[in-house]
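Have the coordinates open as you read.

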Amino acid sequence: MPHHARFWPTAAALAITLAAPAFAAPAPVTLGAILPLTGPGAVIGTEQMKGIQFAIRQQNAKGGVDGHQIKVVFEDDQAKPDAAVLEFNKLVGLQHVPMIFTAYSGPSLAMAPLATRKHVLMLNAGAQADALGKASPYMFNTLPTTADEVSGMVRYLRAHGKSTAAVLYENDAAGIGGRDDFVREFKAAGGKILAQEPSQFGQTDFRAALLKLAAAKPQVLFVITTAGLKPLADQLHQMKASWLVAGTTFMEDPPTIADPNSAGIIHTQVVADASPALMAAFKKEMGADMGFFSRQYYNATQIMFTLIGYLEQHHQPITGTNLRTALLHIKTFHGLVPMTFTSNTAVVPIDIKEMMGGSEKTIAVATAH
Amino acid sequence: MLLLQLLANGIVTGSALGIVAVSFALIYSTTRVFHVAHAGVFTLGGYLAWSLVRAGVPDLLALAGAMAGCVVLGAAIQRFLYAPLERRGAAQLVVLIASLGTLAVIQNLLAAVYSPDILQFPSAWAGHVFGLGGLRLTGAQLATVGVDFAAFGWVMWFAHGTLLGKRIRAVAANPFLAEITRLEPRRVHVLVMAIASALVCLPGVLGPLDYGLQPYGGVTPLLTATIAMIAGGIGSLAGAFFLAIAIVVLQNLSLLVMPGEWSIGVTFAIFIVFMLFRPRGLFASG
Amino acid sequence: MDYLYSYLILSEIYVLLGLSTNLLVGVVGIFSVSQAAVFGVGAYIVGDFLLSGTLSFLPAVAVAAVACIALNVLITLPSLRVAGDYFVVTSFGIQLLATATFTNWTWGTGGANGMPGVPPPDLFGMQISSTRGILAVSTVAAALGCLAFWLILRAPFGRLLKAIREDELAVAAAGKGVLRAKVSAAALAGAFAGVAGGVYATYLSFIDPTSFDLDASILLLTMVVVGGARTLWGSVLGPFLLLALPQLLTLIAIPTTYAATMQQLVYGALLIAFALFRPQGLLGERL
C-alpha cells in the first residue's frame with residue numbers, strides 16, 4: 001500500500017492539530033484563476049471572480065476543507081492567449097498551483113497543451129466552444145457545449161411549429177460557434193434559415209442588424225450574444241416585430257429579466273438555481289447580484305472543495321494528476337448545479353425558460369441525451 | 001420602410017458621432033494635438049450624468065453638471081499635460097503616447113469606481129417609443145438628434161459669428177502669427193479644450209441614455225469620428241459633422257447589400273483608398 | 001523556470017517587433033500603428049503551413065517573411081503621399097481592416113475561433129517542443145534581428161535614413177533616393193514582423209485575432225517610446241520592461257477585486273510620466 005508510509009505522519013500531524021489547534025494549522029491550499037479582469041471581457045471576468053471569492057470566503061469561514069484554508073491567486077489575461085500562457089507559467093512555476101480556473105475559449109485553448117504537459121487541472125465554467133471538450137485530458141468544462149443547448153432549443157421550436165428563423169450572433173468564438181450549431185441543427189430538423197447578422201462584442205446598439213433581420217420576416221429570432229442584453233431587449237421591444245425571440249443561457253442576465261420589455265423572450269437555461277438565501281448572502285457580501293457566471297464559478301469552486309476533501313481523506317497529495325483522477329472517480333457532483341462527467345464536458349440539466357416581464361418560468365425541459 | 005428606418009437610425013447615431021468629430025476637429029485644428037483622451041472625456045460625461053441622475057438630480061441639471069465636469073477635465077488635460085509638452089517641444093509621437101496614457105487612466109478609473117458592467121439610466125422617458133408615420137424612435141433617440149443638431153448649429157454660429165470664435169480660428173490658421181499679435185494662443189488652447197469637452201459630453205450622455213454605459217466604450221466612436229474629420233478636410237467643421245453622419249448612414253445602409261461583419265472593414269478600406277487619392281479631404285479649406 | 005523561459009521567449013519575440021516598429025517610427029519617421037497586423041499575417045501564414053504539413057518551420061518562416069515584406073511596403077506606401085497625423089489615421093484604418101479580416105476570413109485564419117494546435121517548430125527534421133528549445137530558437141531570431149538593426153544604423157544607409165527624417169526635402173534635393181530608402185526600411189521592418197509571427201505561432205500553438213489587434217499595435221509603440229526610439233538597446237529594453245511590468249505591479253498590494261484595473265491605471269500613469277519627464281525613453285535618442 002503506497003499510502004501507508006504517509007499515514008502515520010499525517011495521523012501524528014492530525015493529533016497535534018487536535019491537541020493544539022492554535023499552533024499547527026494545516027497548510028493552506030493555493031489554487032489559481034486566470035480570467036479577463038480588465039478590458040471589454042472584464043464584465044464577465046469580474047462576475048466569475050466574485051463567484052470564486054464568495055465560495056472561498058464561505059468555506060474558509062466554516063474552517064476550510066478538512067482544516068485547510070483555501071486560497072485562490074487571480075491573474076488577469078484580458079482574454080488574450082499570450083498573456084494567459086505567461087500567467088499559466090507564473091502560477092504553475094512560482095505558486096505551484098495544482099489547478100487553475102479558466103474562462104474564454106482563446107486563452108483556455110492556448111493553455112491546454114501546457115496543462116497536459118505540466119499535469120495541471122483546468123476547470124472552465126464559462127466558455128462553451130466545442131473544441132474545449134477535447135483540448136486536453138486535464139481540461140474539464142462544467143458548462144455543456146452550445147451544441148447541446150441549441151439542439152434542445154431546436155427540438156422545442158420545431159415541436160411548436162416554427163419553421164423559419166433568423167440569427168443574431170456575436171462576432172467572436174462564442175457567438176460564431178453558437179450560430180453554426182443553430183444553423184446546422186435547425187436545417188437538419190427541417191427548418192429554414194432566412195438571414196443572419198453579426199454584432200460586435202460589447203456593442204449595445206443592435207438596431208440596424210435587427211431591422212435587416214426583421215425584413216426577412218422569420219418566425220424565430222435566435223440570439224447568441226453575451227453582452228448588452230438589456231439594451232437588446234429594449235430595442236426588440238421598440239421594433240414590435242412579431243417573431244419569437246429565442247436564446248441560450250447567455251440570456252440569463254438579472255437586469256434583462258427584470259426589464260418589462262423582455263417579456264416573451266425564451267431561452268435554454270443550464271440549470272444553476274441558487275436559493276434566495278444564497279443570492280441574498282452573495283449580494284450582501286459581494287455587493288452585486290449573483291449572476292449566472294458567479295453561480296457557475298461558485299459551483300466550480302465547490303467541485304474543487306469536494307476534490308480536495310477527497311484527496312485529504314485518502315491521504316494523497318493535492319496534485320493536478322490526483323485531482324483529475326479524483327474528478328473522474330467521483331464523476332457526479334451535487335453542488336449548486338448537479339452534474340456528471342462522463343467525458344471532459346459535464347452533462348447538466350437544461351431547461352427552457354420564458355421571461356415574464358420581471359420574472360421567469362420554466363416552460364420545458366431540454367436536457368441533451 | 002426598412003430603408004427609411006435604417007436611414008433615420010443612421011442620422012440619429014451619426015449626429016452624435018458628428019458632435020464627437022466636430023469637437024475633435026476643433027481641438028485638432030487649433031492645438032494640433034491628436035487628442036485620443038477625448039474618448040475618455042466622452043465616457044466620463046456619461047458616468048457623471050448617471051451618478052447625478054441616480055442621486056435624484058433632474059435629467060437636464062445632470063447633463064449640465066456632467067458638462068461642467070468634462071470642461072474641468074478637458075481644460076486640466078490641456079493646462080497640465082499638453083501645454084507643458086508643447087513648451088518642451090515634444091514630438092507628436094510623445095504627445096500621442098501621453099494622450100493614450102491619459103485615456104487608459106480615465107477608463108480604468110471609471111471601471112474601478114463603477115465596475116465594468118453596462119449601466120443603464122433609470123430615466124423612463126428615454127425608452128418611450130414614439131411613432132412618426134411608420135418610423136419608430138425612442139425618446140433618447142429624438143433627444144440625441146435634436147440636441148446634437150442644435151449643438152452643431154451653435155458651433156457654426158460661435159466659430160463664424162462671434163469675436164471669440166474668430167480669434168480661435170485665427171490661432172488655428174497661424175499659431176506663429178497669433179503669438180506675435182497677442183492673441184494669446186495658450187489661453188485660447190485651454191478655452192478650446194474646455195468648449196470641445198463640453199460639446200463631446202452631449203453625445204457622451206445622450207448615447208448611453210439610449211443603450212447603456214461602458215467604461216471602455218469611447219474608443220470606437222472616436223476613431224470613426226477622426227476618420228470623418230480627416231475625410232471631411234481638417235479645418236472644416238461642417239465637413240466633419242456631415243461626413244460622420246454620412247459614414248454611419250452608409251454603414252447602416254450597407255447592411256442591405258452585404259453581411260454586417262464586413263461593414264466596418266469596408267468603411268476603413270474605402271477610407272484608405274480615399275486617403276491615397278484625395279488625402280486633403282473633401283471639403284478642405286486651403 | 002518555465003515562467004522565466006516563457007517571459008524570455010515572449011520578450012524576444014517582442015524585441016523583433018520592437019525593432020520593426022522602431023525602424024519605421026523612430027528611424028524613418030513613418031508613424032505606423034499597424035505593426036501588429038503585419039505580425040499577425042506572419043503568424044497565420046506559418047500556422048497554416050505547419051498545420052497543413054506543406055512546409056516545415058524554416059521554409060514557412062521564410063515565406064511569411066517575404067509576404068510580410070510585401071505587405072509592409074504596401075501599407076507604408078500611403079505615408080509617401082500623406083504625412084503625419086493623416087497617416088496615423090490611415091494606419092489605424094489598416095489595423096482595423098486587418099482585424100476584421102483575421103476575425104471573418106474563417107477559411108484562412110480560423111476566424112474568431114482562432115487557430116488551435118499549431119505544431120512546435122522543427123529544425124532539420126527534429127521537433128523542438130521543450131520550452132528551452134523554443135527559447136533557443138527565439139534567442140537566435142532576436143539576436144539576428146539585433147545584428148541586422150545594428151549594422152544598418154551604422155551603414156551609410158542608416159545615415160541616409162536619419163537625414164530623411166531630419167530634412168526630407170534637402171535629401172531629395174541632394175539627389176538621394178528618398179523613396180528607395182523608405183521602401184527598403186519598410187521591407188526590413190516587414191521581415192522582422194514576419195519572423196516574429198512565425199515564432200509566436202509555434203510557441204503558443206494557438207493564435208487568434210486578439211493577439212494582433214489595435215491594443216497590440218499600441219503596446220508596440222509604447223515599448224519603443226519607453227525603451228527609447230532609434231537605438232538598438234532601446235528596442236531591446238522596451239519589450240523586456242513592458243512585459244515585466246504587469247508582473248512587477250502584482251507586487252503592489254491592492255484588493256483583488258480592483259487589482260487588475262489598478263494595474264492598467266498605473267500603466268497609463270507611467271506613459272504620461274514618460275512623455276512628460278523622459279520623452280527620449282530610457283535608452284533612446286530624443287524624438
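A helix axis here is a line fitted to C-alpha atoms over the stretch in contact, and angles run from 0 to 180 degrees between N-to-C directions. Helices (H or I, at least four residues) and strands (E, at least two) are DSSP runs, numbered from the N terminus. Bear in mind that this is a predicted model, where local features need pLDDT of at least 70, side-chain atom pairs count only at pLDDT 80 or more, and totals for chains, interfaces and linings use all residues. Residues are numbered from 1 along each chain as its sequence is written, while chains are lettered from A and ligands numbered from 1 in the order in which they are written.

Start in chain A with helix α11 (residues 292-313) and helix α12 (residues 320-330), whose axes come within 9 Å and cross at roughly 105°. That makes α11(A) roughly perpendicular to α12(A), a label for angles of 65 to 115 degrees (under 35 is roughly parallel, over 145 roughly antiparallel, the rest oblique). Contact means that the C-beta atoms of two residues, placed from the backbone, lie within 7 Å. On the α11(A) side, the contact uses Thr306(A), Leu307(A), Tyr310(A) and Leu311(A), and α12(A) answers with Asn322(A), Leu323(A), Ala326(A), Leu327(A) and Ile330(A). By class, that is seven nonpolar, two polar and no charged residues; Ala, Val, Leu, Ile, Met, Phe, Trp, Tyr, Cys and Pro count as nonpolar, Asp, Glu, Lys and Arg as charged, and the others, Gly among them, as polar.

Now look at another pair in chain A: helix α3 (residues 81-94) and helix α4 (residues 105-118) pack at about 35°, with their axes 8 Å apart. Contact residues from α3(A) include Pro81(A), Ala84(A) and Phe88(A), and those from α4(A) include Gly106(A), Met111(A) and Lys118(A). This contact divides into nine nonpolar, one polar and one charged residue.

Stepping back, chain A has twelve helices and 14 strands in total.

Buried residues make up 58% of chain B.

Finally, the chains meet. Between chains A and B, 26 residues of chain A are in contact with 24 of chain B. On the chain A side, α7(A) gives the most, with six residues, and the classes come to twelve nonpolar, eight polar and six charged. Between chains B and C, 36 residues of chain B are in contact with 37 of chain C. Here α4(B) provides the largest share of the chain B side, 15 residues, and that side has 29 nonpolar, six polar and one charged residues.

Methods. Buried ≥ 20, exposed ≤ 12 C-beta atoms within 10 Å, placed from the backbone.
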